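Subject: Structure for you to look at

Hello,

Here is the structure I said I would pass on. My notes on it follow below.

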Amino acid sequence: MTQEVEKTKIKLAIYWGAGCGGCCVSVLDVHEKLFAVIDAADIVFWPIALDIKYKDVKDMEDGFIDVCLFNGAIRNSENEEIAHLLRKKSKVLVAYGSCAHMGGIPGLANFSSKEEIFKRAYYESESTVNPEKIHPMLETEMKEGTLTLPYFYEDVLKLDDVVDVDYYLPGCPPQTERLVEVFMAIVTGAELPPKGSVVGALAKSQCDECKREKTDNKLIKEFKRPWEIEDDGKTCFLEQGVICMGPATRGGCGVRCIEGNAPCRGCYGPSEGITDPGAKMMSAIATMIDSNDPEEIERIIAQIDDLAGTLYRFSLPSSYLRRKIMQNKNEQGDNMQGERKQNKNRKVNQKEMFY
Ligand code: SF4
Ligand code: SF4
Ligand code: SF4
């Protein structure tokens, strides 16, 4: 008599912190491969798709979850609390997508203070009508009980700022094929790379994968935005005066933006050997400027619209720039650790403003 051996499925959790939800949708983008995923894994927590509460996760034994894909950055106390919870309950924690990996698009908010963000959102935006200046509060007493909101941090953090991370799967969102490859490697017990590795991507840069024609003659007198050039579809964007983050960005996405005739914006993060993609691009740009006259150099650089936002579109919370800002804050005795600690012990009354 043949004995049916029950296949052991891995337990998978997927969580969405401070992000746009695109990473969760990218998991659904596996299309028919979803059957392979479901065949190999039991999804034990996925708020976008399953009605499983935080309490259910708290009731799981430590290490119960085999793999957790955490997407989104850490913007508030709830994101951080759940990051700690999922770290405790998961054997392997993956920072999934640019927001968890480097802070991502939400991390651009670190150019503004918390107060500026709330004033803009609740009082000043063109679409806001709020003459009574109503704003969110941490606690609101209702006859049914106390309603609470998470505490909004001064800065956006990346996942490994608050918990230990095993692997990083980059992209905004990661290429679905790469997710499936990484997932199947985990479920088939293939040898995994060392802890802390970037997985589902290449060591080499976008430029190494890109088929556009490049020469050594990248001297630029004028920078332009993509819509200001008549792109021939063949020449390197940088040589046409358009900022492309390819030289500083890890390959692995299939040069998907460039194949769509748009420059790379850097969502896969720095390629091997580069610590800060913005600094690397700044030095690349400096060597391209066709002038020795300081005034002219300044005029040419000023043509780059939103320079810092372009160079650090996905990586501001992990950048040298941020470290400098944090260093200045620490010197002023206003460090974020202090803020977060203070938050833990906060007693908030109903009248307190959200920021
Ligand atoms: S990495 Fe991109 S797709 Fe994923 S949550 Fe962040 S912004 Fe959205
Ligand atoms: S800079 Fe951009 S367009 Fe030019 S070769 Fe590199 S990836 Fe391709
Ligand atoms: S080309 Fe650049 S911005 Fe586009 S998906 Fe690839 S890494 Fe991300």
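Which residue in strand 2 is the bridge partner of Leu12? The partner is Ile43. Please keep in mind throughout that this is a predicted model.

The sheet

That pair belongs to the contact between strand 1 (residues 10-16) and strand 2, which run parallel and are joined by 4 bridges. Both strands are part of an open sheet of 6 strands, paired in parallel and ordered 2-1-3-5-9-10. Strand 2 (41-45) and strand 10 (197-198) form the edges, each pairing on one side only.

The chain as a whole

The chain has 14 helices and 10 strands. Of its 355 residues, 34% are buried. Taking contacts between residues at least 6 apart in sequence, 75% join residues that are at least 24 apart.

The ligands

Ligand 1 has 13 residues around it, and those that come nearest are Gly19, Gly22, Cys23, Gly97 and Cys172. By type, the shell around ligand 1 has 6 nonpolar residues, 7 polar and no charged.

Around ligand 3 the shell includes Gln206, Thr249, Cys253, Val255, Arg256, Cys257, Cys264, Arg265 and Cys267. Helix 9 (residues 256-259) gives the most to that shell, with 3 residues. The residues around ligand 3 split into 7 nonpolar, 3 polar and 2 charged.

Val255, one of the residues around ligand 3, sits in the loop between helix 8 (206-209) and helix 9. The phi of Val255 is near 40°, a positive value in a residue other than glycine. Val255 counts as partly exposed because 19 other C-beta atoms lie within 10 Å, where a buried residue would need 20 or more.

Cys172, listed above for ligand 1, is joined to Pro173 by a cis peptide bond, with omega near -10°. Pro173 lies in the loop between strand 9 (167-169) and helix 7.

Helix 10

Helix 10 (residues 277-288) has 12 residues, so at 1.5 Å a residue it should span 16 Å; the end C-alpha atoms are 17 Å apart, which agrees. Its buried residues are Pro277, Gly278, Lys280, Met281 and Ile285. They cover an arc of only 160° around the axis and therefore lie on the same side of helix 10. In general, an α-helix has 3.6 residues a turn, so residues three or four places apart point the same way. Ser283, Ala286 and Thr287 are exposed, on the face of helix 10 turned away from the buried side.

Lys133 is in the loop between helix 6 (114-124) and strand 6 (139-142). Its phi is near 50°, again positive in a residue other than glycine. Lys133 counts as exposed because it has 9 C-beta neighbours inside 10 Å, and the cut-off for exposed is 12 or fewer.

Leu192 is in the loop between helix 7 (176-187) and strand 10. With 14 other C-beta atoms within 10 Å, Leu192 is partly exposed. Leu192 and Tyr167 are 25 residues apart along the chain, and their C-alpha atoms are separated by 9.8 Å.

Regards

Key: Residues are numbered from 1 along each chain as its sequence is written. Chains are lettered from A and ligands numbered from 1 in the order in which they are written. This is a predicted model: local features need pLDDT of at least 70, side-chain atom pairs count only at pLDDT 80 or more; totals for chains, interfaces and linings use all residues. A residue is near a molecule or strand if its C-beta atom, placed from the backbone, lies within 6 Å of it. Helices (H or I, at least four residues) and strands (E, at least two) are DSSP runs, numbered from the N terminus. Ala, Val, Leu, Ile, Met, Phe, Trp, Tyr, Cys and Pro count as nonpolar, Asp, Glu, Lys and Arg as charged, and the others, Gly among them, as polar. Two residues are in contact if their C-beta atoms, placed from the backbone, lie within 7 Å. The expected span of a helix is 1.5 Å times one less than its number of residues. The arc is that of the directions from the helix axis to the C-beta atoms. Two strands pair if DSSP finds at least two bridges between them.
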